[in-house]
Amino acid sequence: DKSSLPFHSSPDGAAVFPWTNGGYVYVSNSEVQDKRGGVYGVYMDDDGNVVDYKQLLSGTTRNCSGGATPWHTYVSCEEYGSGQCYQVD
């Protein structure tokens, strides 16, 4: 099955996390303007086959960089004057 969601624009900071059954998830920011940004996840099985793709955070602006935490969560930060930081599970 294919996701109906197109791959996100302007990918920026990213991290890879272990997922169920030996697979992993690639998490990436979308650094776009006007609350159209966010964070997306590409889920892969232990053979590297893509099994899911979904938006994990939405309604943000210019999500630049980010990173993995010791708790296997991802922190994404908006890069503008009133920007916020978000923790994504």
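**View 1. Strands β6 and β7 pair in the antiparallel sense over four bridges.** The model is predicted; local features need pLDDT of at least 70 and side-chain atom pairs count only at pLDDT 80 or more, while totals for chains, interfaces and linings use all residues. Residues are numbered from 1 along each chain as its sequence is written, and side-chain values use heavy atoms, with hydrogens and water left out. Strands (E, at least two residues) are DSSP runs numbered from the N terminus, and two of them pair if DSSP finds at least two bridges between them. Strand β7 covers residues 85–88, and in it Cys-85 is the bridge partner of Cys-77. The hairpin that joins β6 to β7 runs through six residues.

**View 2. Strand β6 also pairs with β5, residues 63–68, in the antiparallel sense over four bridges.** Tyr-74 in β6 is the bridge partner of Ala-68. Five residues lie between the strands of this hairpin, where His-72 takes a positive phi near 60 degrees. Buried means under 20% relative accessible area (1.4 Å probe, protein chains only).

**View 3. Four strands form an open sheet in the order β1-β2-β3-β4, with antiparallel pairing.** The edges are β1 (11–18) and β4 (50–60); each has a single partner strand, so one side of each is left without a neighbour in the sheet. Six bridges join β1 to β2 (residues 24–30), and Val-27 in β2 is the bridge partner of Ala-15.

**View 4. The largest nonpolar core has nine residues.** Such a core is a set of buried Ala, Val, Leu, Ile, Met, Phe, Trp, Tyr and Cys residues joined through side-chain atoms within 4.5 Å. Its members are Ala-15, Phe-17, Val-25, Val-27, Val-39, Tyr-43, Leu-57, Tyr-74 and Val-88. The elements giving two or more residues to the core are β1, β2 and β3 (37–44).

**View 5. Ring pairs link Phe-7, Tyr-40 and Tyr-53 into a cluster.** Rings of Phe, Tyr and Trp (its six-membered ring) pair if their centres lie within 6.5 Å; planes under 30 degrees apart count as stacked, over 60 as edge-to-face and the rest as tilted. Phe-7 and Tyr-53 are stacked, at 5.7 Å centre to centre with 25 degrees between the planes. Phe-7 belongs to the segment before β1 and Tyr-53 to strand β4, 46 residues apart. The rings of Tyr-40 and Tyr-53 have centres 5.8 Å apart and planes at 15 degrees, so this pair is stacked. Both Tyr-40 and Tyr-53 are buried.

Note on methods:
Buried means under 20% relative accessible area, exposed over 50%, partly exposed in between (1.4 Å probe, protein chains only).
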